[in-house]
Amino acid sequence: YGATAGQVSKLKIKATSNQAVLAIIPKELDDFFLYYKLISLKSKILFLAQGSGQPNLSKSLVDDTLIQFPTFPVQQKIARILSTCDAVLEKTEAAIAKYQAIKQGMMQDLFTRGIDLSTGKLRPKYEEASELYKESELGWIPREWEVKLLGEVGEFKNGLNKDKDSFGYGIPFVNIIDAYPEKLELSKLGLINANKSEREIYKLIEGDIIFVRSSVKPEGVGYNTIFPASSGTIVYCGFMIRYRLENQIDYLPEFYNQYFRSFPFRKSLINVSTVSANTNINQENMKKLLLIKPCAKEQSVIIKRINSIKNKIYMEQSALSKFRQIKSGLMQDLLSGKLEVVV
């Protein structure tokens, strides 16, 4: 029903189903072949199911759906080919999940222990070398670090508010949905009509960090992205806050963009947000939040460590996208008979 109508799954255990599920028991067809065939027919079956408030697949509709199928040995070979594709996809997805977990653990260590520049390694844990640490408002941190208020080292500015007729033309602008990637993707921005004064006041420059100011869900508030270099003027909407570090030599924007996405910082940010119809964060509360300050060289080394694992994730995600395209093309060719399969 609804968003789940037409979803196809292959049962791997003994089970029963309720009235919201249609079960098909293969008799003369290879079960994996039938599984992939039904996936390829989903859009066609859903089209036939339209006619009420939401798609509703009846047993008679499925019973009356005609499918073409080759000989049983060919079915088995097609199923093996597509199953191999699925195995590669699952392996790649597992690799992405592993690297993402590694990244989370790495960020936790890097933002609490940092890198000993003399050895190029993580500092020992506090329990192993307490003399390397000092107590601070953020807990135990390396002795070389400082703790600062966001308001001490940067400037906040709310975004541009415009009426609905001002959208869809003009110059690029950053909206809430654009803040969720770690780095702003300029090619996907919408357009807004802004006059000369608005362009000057709300323009973004390289290194600006933009926070989501208002979100329907509490966990969505305060997400941030960093603005890269751009040849044109780009502004940001009123549901966002721009944070501009005043000294970008001692406070590297890329380092703090990652730090602001770490779990401890996000937890502190959500704790000072306010909830009404939406969850909101304001400049005054954000100014009082704390950040760590390693030296610029250590910040740079930490960023390189994080980028190394990010690159691995990116490579696996690119491979996953390629494998999905390959599988999609194979399904279309093999299940339609366009590509002849020799057993």
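**Group meeting: caps, sheets and rings**

Okay, let's start at helix α1, where Asp30 caps the N-terminal end: one of its side-chain oxygens is 3.1 Å from the backbone nitrogen of Phe32. That is a polar contact, meaning N or O atoms within 3.5 Å, where one must be able to donate a hydrogen and the other to accept it, and residues adjacent in sequence count only if both atoms are side-chain atoms. Before I go on: this is a predicted model, so local features need pLDDT of at least 70 and side-chain atom pairs pLDDT 80 or more, while totals for chains, interfaces and linings use all residues. Numbering runs from 1 along each chain as its sequence is written, and side-chain values use heavy atoms, with hydrogens and water left out.

Back to α1, residues 31-40: Phe33, Leu34, Tyr36, Lys37 and Leu38 are buried. Buried is under 20% relative accessible area, exposed is over 50%, and partly exposed is in between, with a 1.4 Å probe and protein chains only. Helices here are DSSP runs of H or I with at least four residues, strands are E runs of at least two, and both are numbered from the N terminus.

Now the sheets. One is open, with four strands in the order β6-β13-β9-β11 and antiparallel pairing; to pair, two strands need at least two DSSP bridges between them. β6 (154-158) and β11 (224-226) are the edges, each with a single partner strand, so one side of each has no neighbour in the sheet. Inside it, β9 (209-212) and β13 (240-245) share four bridges, and Ile210 sits opposite Arg242 in β13.

There's also an open sheet of three strands, β10-β15-β14, again antiparallel. Its edge strands are β10 (214-215) and β14 (274-275). Ser214 has Asn280 in β15 as its bridge partner.

What about the aromatics? The whole structure has 19 aromatic pairs, counted when Phe, Tyr or Trp rings (the six-membered one for Trp) have centres within 6.5 Å; planes under 30 degrees apart are stacked, over 60 edge-to-face, the rest tilted. Take Tyr256 and Phe260: their centres are 6.2 Å apart and their planes at 40°, so that pair is tilted. Tyr256 is buried at 0%, and Phe260 is buried at 0% too. Both belong to a cluster linked by ring pairs, which includes Phe111, Phe156 and Phe211.

Last thing, charges over rings: that's NZ of Lys or CZ of Arg within 6 Å of the ring centre and within 35 degrees of the ring normal. Arg266 sits over Tyr223 at 4.1 Å, and Lys98 over Tyr99 at 4.9 Å.
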